[in-house]
Every structure is written in structure tokens, then in C-alpha cells.
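Subject: Structure handover

Hello,

Here is the structure I said I would pass on. Please open it alongside this email and look up the residues as you read.

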Amino acid sequence: MIQYTIVDNMETMGYWAADMVAEQIGRKPDSVLGLATGSTPLPLYGELVRRSEAGEVDFTAVRTVNLDEYVGLPSDHPQSYRYFMREHLFDRIPIDPENTALPDGMAQDLSAECRAYDQLIEKWGGIDLQVLGIGHNGHIGFNEPGSVFTLKTHVVDISERTRIANARFFGDDPQKVPAQAITMGIGNIMAARKIVLLVSGRSKAEILERALCGDVNPLVPASVLQLHPDVTVIADQQAAACIEIPEAAMI
Ligand code: F6R
């Protein structure tokens with residue numbers, strides 16, 4: 001089932017998403033959070049840092065698993081997702097680095113790394129709350145159009161569209177964006193007990209409508225979320241422009 005919260009700015013989006021994370025940690029202090037990178041979750045991470053500093057959320061027992069990592073970037077590369085997470089969250093909250101997992105894009109044996117990542121998620125008891133963004137082509141994590149819904153962690157070729165979208169972080173040169181990534185599969189994402197999808201901006205309105213109101217179809221990977229029992233979509237009004245939303249969902 002999909003619930004909607006429609007907000008009028010990114011700060012409010014961060015606030016509502018942080019409420020969900022805080023509520024999850026309050027209920028289960030050693031929760032496993034599935035985390036995403038990208039621009040959309042930044043206000044969430046900012047708000048979590050603020051609440052942690054104010055003593056309102058305790059991260060000391062929390063464990064995190066990120067959706068994805070580029071292949072070929074070491075963890076100290078400024079565009080690696082490990083670096084991103086440290087900069088925006090991990091280095092700013094009292095979380096044990098041992099409890100923060102991302103796939104290792106430098107692993108010699110990438111398939112063994114994928115299996116090890118799935119095993120870690122399993123060992124930690126699965127994901128309690130998964131934070132997601134959505135790409136303009138409907139991708140979630142790096143699960144690009146055409147992805148098989150049952151896959152677990154695997155290596156993907158990053159689509160040309162996504163390389164162009166991410167070029168802004170690589171000196172505006174799509175060729176500098178790594179050609180591959182390790183990503184949790186849709187199988188991992190759908191196994192999360194709860195999902196929160198964050199979406200912002202008019203440029204995401206059409207794909208959000210196709211994902212949530214269209215057919216469930218691997219060509220729009222995020223459409224699989226219609227089959228999950230507990231999804232909350234927090235979107236701004238621009239991103240929700242093509243969806244009919246009940247008045248009650250407007251914040
Ligand atoms: C990154 C990830 C991606 C992003 C998506 C949206 O870890 O999972 O699927 O969520 O590309 O990115 P932004 O938020 O930058 O529009």
C-alpha cells in the first residue's frame with residue numbers, strides 16, 4: 001500500500017522523512033536502515049544530524065546498508081558513495097563505522113562482493129526502513145529499466161541517461177562517470193519491511209506518475225513499489241503534479 005505526504009519544500013520533506021527514521025530507531029534502537037545517496041535525501045540527512053546533536057535520536061546502535069556504490073572508485077574518492085555518506089551523515093553522528101555498510105566497488109571479485117553484501121544484510125536481520133530516491137528513468141538504486149525484479153545485489157552497467165544525469169559530479173563529463181556500479185537488487189529493496197520514497201522537482205513528475213499509477217513493469221523499475229505492503233512517498237508539489245492526491249496528504 002502506498003501512502004502519500006505532499007510537502008511544499010525540501011526542508012519539510014527532510015523533516016517528515018526524519019520523523020519516520022526517528023520513529024523507527026525509537027521503536028528499535030539497533031534498526032537496520034537502508035540508505036540512498038543523491039540530492040534528494042540531503043535534507044533528511046541534515047535533519048538527522050540536527051536531531052542527533054540535539055539528543056533527539058540515538059544512532060549508537062543503528063546499522064546502515066547503502067543501496068549502491070560505483071565500481072572502481074576507492075572509498076576516499078570524493079565521488080564515491082562512501083565518501084558522500086561520511087560527509088553528509090556518518091562523520092556527523094555517533095555511529096560505529098563497522099555498522100555502516102556499502103558495497104566495495106574496489107573488490108577484486110565483484111560477484112563475491114555482491115554475495116557477501118547480501119549475506120551481511122541477512123545476518124543483520126534484513127532492512128527495517130529503506131530510504132529511496134527515483135531516477136528520471138524510474139531507476140531505484142542503480143536498478144535501471146529492464147531490471148529483473150527478483151535480483152539481489154549485483155553489478156550493473158550504468159545507463160547512458162544516468163551517466164549524463166550524474167556527470168554534474170564528474171566535471172560535467174559523462175565519460176568520467178564510472179560505467180558500472182554494484183547495487184542492491186529490487187529483491188533486496190522489496191524485502192525491506194518499510195520503504196520511504198523521496199521525490200522532488202517537476203522533472204520527476206511524469207516518471208513518478210508512471211511508477212505509482214501505471215502498470216507494474218520492469219521498464220519502470222520503481223513501479224514494483226506498488227506491490228510492497230508499506231511504502232510512504234514524500235514528494236513536493238512539483239513532483240506530485242501529475243498524481244491525484246487526497247487533500248489529507250497535503251502538509
Ligand atoms: C543513489 C540512488 C539513486 C538515486 C536517484 C535519484 O544511491 O539510489 O537511485 O536515488 O538517482 O537521485 P537524485 O536524488 O540525485 O535525484
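Below are some notes on aromatic residues and on a surface patch.

The model is predicted.

Aromatic pairs

A pair of aromatic rings is described by the distance of the centres and the angle of the planes. The structure holds 4 such pairs. In one of them, the ring centres of Tyr70 and Phe142 are 5.8 Å apart and the planes stand at 50°, so this pair is tilted. Tyr70 belongs to strand β4 (residues 68–70), while Phe142 is in the loop between β6 (129–132) and β7 (154–157), so the pair ties together parts that lie 72 residues apart in sequence. Both Tyr70 and Phe142 are buried.

Tyr70 also pairs with Phe170: their centres are 5.6 Å apart and their planes at 85°, so this pair is edge-to-face. Phe170 sits in the loop between α5 (160–166) and β8 (180–183), so its pair with Tyr70 in strand β4 ties together parts 100 residues apart in sequence.

Buried means under 20% relative accessible area. Tyr70 counts as buried because its relative accessibility is 1%, and Phe170 counts as buried because its value is 8%. Tyr70, Phe142 and Phe170 form one aromatic cluster together with Tyr81.

Surface patch

Tyr15, Trp16 and Ile251 make a nonpolar surface patch of about 280 Å². Trp16 is part of helix α1 (residues 10–27) and counts as partly exposed because its relative accessibility is 32%. The ring of Tyr15 has the charged end of Arg51 over it, 4.6 Å from the ring centre.

Regards

Notes:
Residues are numbered from 1 along each chain as its sequence is written. This is a predicted model: local features need pLDDT of at least 70, side-chain atom pairs count only at pLDDT 80 or more; totals for chains, interfaces and linings use all residues. Side-chain values use heavy atoms; hydrogens and water are left out. Patches are made of residues with over 30% relative accessible area and no salt bridge: like charges are joined within 9 Å, nonpolar side chains (Val, Leu, Ile, Met, Phe, Trp, Tyr) within 5 Å. Accessible areas come from the Shrake-Rupley method with a 1.4 Å probe; for residues, only the protein chains shown count as cover. A salt bridge is a side-chain nitrogen of Lys or Arg within 4 Å of a carboxyl oxygen of Asp or Glu. Helices (H or I, at least four residues) and strands (E, at least two) are DSSP runs, numbered from the N terminus. Buried means under 20% relative accessible area, exposed over 50%, partly exposed in between (1.4 Å probe, protein chains only). Rings of Phe, Tyr and Trp (its six-membered ring) pair if their centres lie within 6.5 Å; planes under 30 degrees apart count as stacked, over 60 as edge-to-face and the rest as tilted. A charge sits over a ring if NZ of Lys or CZ of Arg is within 6 Å of the ring centre and within 35 degrees of the ring normal.
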